[in-house]
Amino acid sequence: MIYFIISLIILVLDQATKLIIVRTIHPYESIAVLPFLQIVNVKNKGAAFGLFQGLGNTFFIIIIFIAVGIISAMIIKGKDDRLSLSFILGGALGNLVDRIRLGYVLILLTSMLANTTGRPLIWLTQPSPQA
C-alpha cells in the first residue's frame, strides 16, 4: 500500500536527518532557522517536552507500538486522511527506532513560540548542559 511506503520513506528521512544533526551539531547547541524555530540536538528520555522521564524507556516503547498499531489500522480502514496518518506513522516509527537503538528520542526541531525563557521548550524540563 502506498501509504506504508510513504511511512517508510519518512522513517528513512527521519533517521538520516538525525544522523546528520548528531554529526554536525553539538548536544544542546541550536541553530536558528526562523525567529521562532531552531534546529537542536537534544536527547529526550521522556514524552513531549521531556515529561514523565521516570516511567522508563520500556513504557514508551510499548506506547509507541500501540500507537503504530492504531495508526496502521486507521490507514488500512481508510479512516480520515491517510496521507497525514502515513506521515505520523513514519515519525512514530522513527521514534521507535531511536528508543530501541539509543534509549531516548533525538529532538531536532523546537519552537520558541510562547516561550519567554530564551531556551527551546524541550530544555525547560531537561538538565542544563552546564549541570
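Two salt bridges are found in this structure, a salt bridge being a side-chain nitrogen of Lys or Arg within 4 Å of a carboxyl oxygen of Asp or Glu. Before we look at them, a word on the model: it is predicted, with local features needing pLDDT of at least 70 and side-chain atom pairs counting only at pLDDT 80 or more, while totals for chains, interfaces and linings use all residues. Residues are numbered from 1 along each chain as its sequence is written, and side-chain values use heavy atoms, with hydrogens and water left out.

**The salt bridges**

Here are the two pairs.

| Pair | Closest N and O atoms |
|---|---|
| Lys-18 and Asp-14 | 3.1 Å |
| Lys-18 and Asp-98 | 2.5 Å |

Lys-18 and Asp-14, in contrast, both sit in helix H1, four residues apart, or about one turn of the helix. Helices here are DSSP runs of H or I with at least four residues, strands are runs of E with at least two, and both are numbered from the N terminus. Together, Asp-14, Lys-18 and Asp-98 are linked in a network of salt bridges. Lys-18 and Asp-14 are buried, and Asp-98 is buried as well. Buried means under 20% relative accessible area, exposed means over 50%, and partly exposed lies in between, using a 1.4 Å probe and protein chains only. As a general point, side chains of opposite charge can pair when their charged atoms come close.

**Helix H2 and the core**

The largest nonpolar core has nine residues: Ile-61, Ile-64, Val-68, Ile-71, Ile-75, Leu-85, Leu-89, Ala-92 and Leu-96. Helix H2 (57–76) and helix H3 (82–102) are the elements that give two or more residues to this core, and H2 gives the most, with five. Such a core is a set of buried Ala, Val, Leu, Ile, Met, Phe, Trp, Tyr and Cys residues joined through side-chain atoms within 4.5 Å.

Within H2, the buried residues are Phe-60, Ile-61, Ile-64, Val-68, Ile-71, Ser-72 and Ile-75. Seen down the axis of H2, they fall within an arc of 105 degrees, so they line one face of the helix; the arc is taken from the directions from the helix axis to the C-beta atoms. These buried residues pack against helix H1 (2–24) and H3. Ile-71, for one, is in contact with Leu-85, Ile-88 and Leu-89, leaving aside neighbours within four places in sequence; contact means heavy atoms within 4.5 Å.

How far apart are the end C-alpha atoms of H2? They are 28 Å apart, which agrees with the 28 Å that 20 residues should span at 1.5 Å a residue, the expected span being 1.5 Å times one less than the number of residues. Just after H2, Gly-78 takes a positive phi of about 75 degrees.

Tyr-3 lies in helix H1 and counts as partly exposed because its relative accessibility is 21%. Not counting residues up to four places away in sequence, Tyr-3 touches Ile-75, Arg-82, Leu-83 and Ser-86. The C-alpha atoms of Tyr-3 and Leu-83 are separated by 6.3 Å, though the two are 80 residues apart along the chain.

Elsewhere, strand S1 (residues 30–34) and strand S2 (residues 37–44) run antiparallel, joined by four bridges; strands pair if DSSP finds at least two bridges between them. S1 and S2 form a hairpin with two residues between them, and Ala-32 stands opposite Gln-38 in S2.
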